[in-house]
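Hello,

Here is the structure I said I would pass on. Please open it first, then read the notes below.

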Amino acid sequence: MVAPLKVGIAGLGTVGAEVVRLIEGQSAALSARCGRPIRVVAVTARSKAKKRGLDLRGVAWARDPQALAENAEVDCLVELIGGAGDPALSAIETALKSGKSVVTANKALIAKHGLRLAKAAEAHGAALNFEAAVGAAIPVIKTLREGLAGTSIDRVYGILNGTCNYILTRMEQEGLSFAECLADAQRLGYAEANPSFDVDGHDTAQKLAILASLAFGTKVAESAIYVEGISSIAPEDLRAAADLGYRVKLLGVAVRTAKGIEQRVHPTMVPKSSSIAQVMGVTNAVTIDGHGIPPITLVGPGAGGSATASAVIADIADVARGVRASPFGRPAEQLKATEKAPMERHEGGYYIRLMARDLPGTAASIATRLAEQKISIESIVQRHPNGEAAKAAGKSSQVPVILITYATHEDAVYRALKAVQRDKVISGRPQVIRIEKN
Ligand code: HSE
């Protein structure tokens, strides 16, 4: 009989409890797949007394995560506490330094300390697996690290935050405001405790930092990512996008450019026909453009107890099988530093929505300012809600003007818009959304 893999679990929240249940409930199938049994031998959580509906007879209770990491009975530490620092960080470092493998769902910790932890894992011959940290049940880490190990990647982009996609979906489908949809997401328990972490793009940025490292061999660095959230998106943007054949999604994008790896998170117009545009509600998706192969899109649940536990169990199974891949797909020493993308040099198409004065010459003057910056217009739409009636009533009115540009540089767009503002033909701040082509 092959020795079992002895697992210690730190954190018995929704995910931790589900992991314990799955290891117990699927023990025969897991044992058959891995060639050895997997056994939970010790656990720790904030409260020992809390009712969790788990049978923990025969399982040791460790005083704290550190004690669990030091427990000689434990071969593999499963960290499901969360947080970018202690106690998770110290417990993981202790485990790795004593040669124990680690499985974690902690995106914040991997985004911040992934490089240092990967070095510790490699130095001590341990595994550091974090499939659940990005897109929960979607096996995107494994796809990038192993499945596409022989493919040069040009771009990886995705919907990595279910809360933002839920908000944008409802705003589009029901014409609701951002605030109304955020309140619903919080009521339904999708949003993080601090909703700004979701809606301002930071959750997506942490996940993107991990994907970019795997895809491009960069040092995982959240600070290298340009981040913009979705709070400025209005229902009229989603309506206009739909009319023009686009949808707005909060994307995390990492792309190889002539100037290096560009990593950015921002609301993005995507063609309605693209795979990523079909992804609605809390679902996550990642598209990978590999050199010489058509794009691969993985779609699935990016959060939730069972979805996250599914990825955690797969990572534990890899440890049981003896798989010891470099955490970021190549030796951590070889990962390269990357600079923050200078967005003023970003090249792409743009959606621009302006509130313009409804008088002769306005459209011409806007077009002139764009032309001065060599920006070519792909489409322009002006919609007056009341049209002739407002004119007949002698009202000098404002009309939304929506422009889609061909590919240009971001600094050219902002120079043109400054000139338009100086001309006093528009009121308020222009809305600008980047377009990502598939
Ligand atoms: N708040 C995250 C989301 C949870 O909305 O996707 C998973 O990281």
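**Salt bridges in the model**

E174 is partly exposed, with a relative accessible area of 45%. Please keep in mind that this is a predicted model. The side chain of E174 forms a salt bridge with R170, and the closest N and O atoms are 2.9 Å apart. Both residues sit in helix 7 (residues 162-174), 4 residues apart, which means about one helical turn between them. R170 counts as buried, at 17% relative accessibility, because the cut-off for buried is under 20%.

Helix 7 also holds E172. Which residue does E172 pair with? Its partner is R247, with the closest N and O atoms 2.9 Å apart. R247 belongs to strand 9 (residues 246-257), so this pair ties together parts that are 75 residues apart in sequence. R247 is buried, with a relative accessible area of 16%, whereas E172 is partly exposed at 24%.

Some salt bridges share partners: K142, R145, E146, D318 and R321 are joined in this way into one network.

Helix 1 (residues 14-25) has a pair as well, R21 and E18, which lie 3 residues apart, or about one turn of the helix. Their side chains meet in a salt bridge at 3.0 Å, N to O. Is E18 buried or exposed? E18 is buried, with a relative accessible area of 18%, while R21 is partly exposed at 38%.

Regards

Key
Residues numbered from 1 in each chain as written. Predicted model: local features only at pLDDT ≥ 70, side-chain atom pairs only at ≥ 80, totals over all residues. Heavy atoms only, no water. Salt bridge = Lys/Arg side-chain N within 4 Å of Asp/Glu carboxyl O. Helix = DSSP H or I, 4+ residues; strand = E, 2+ residues; numbered from the N terminus. Buried < 20%, exposed > 50% of the residue type's maximum accessible area, 1.4 Å probe, protein only.
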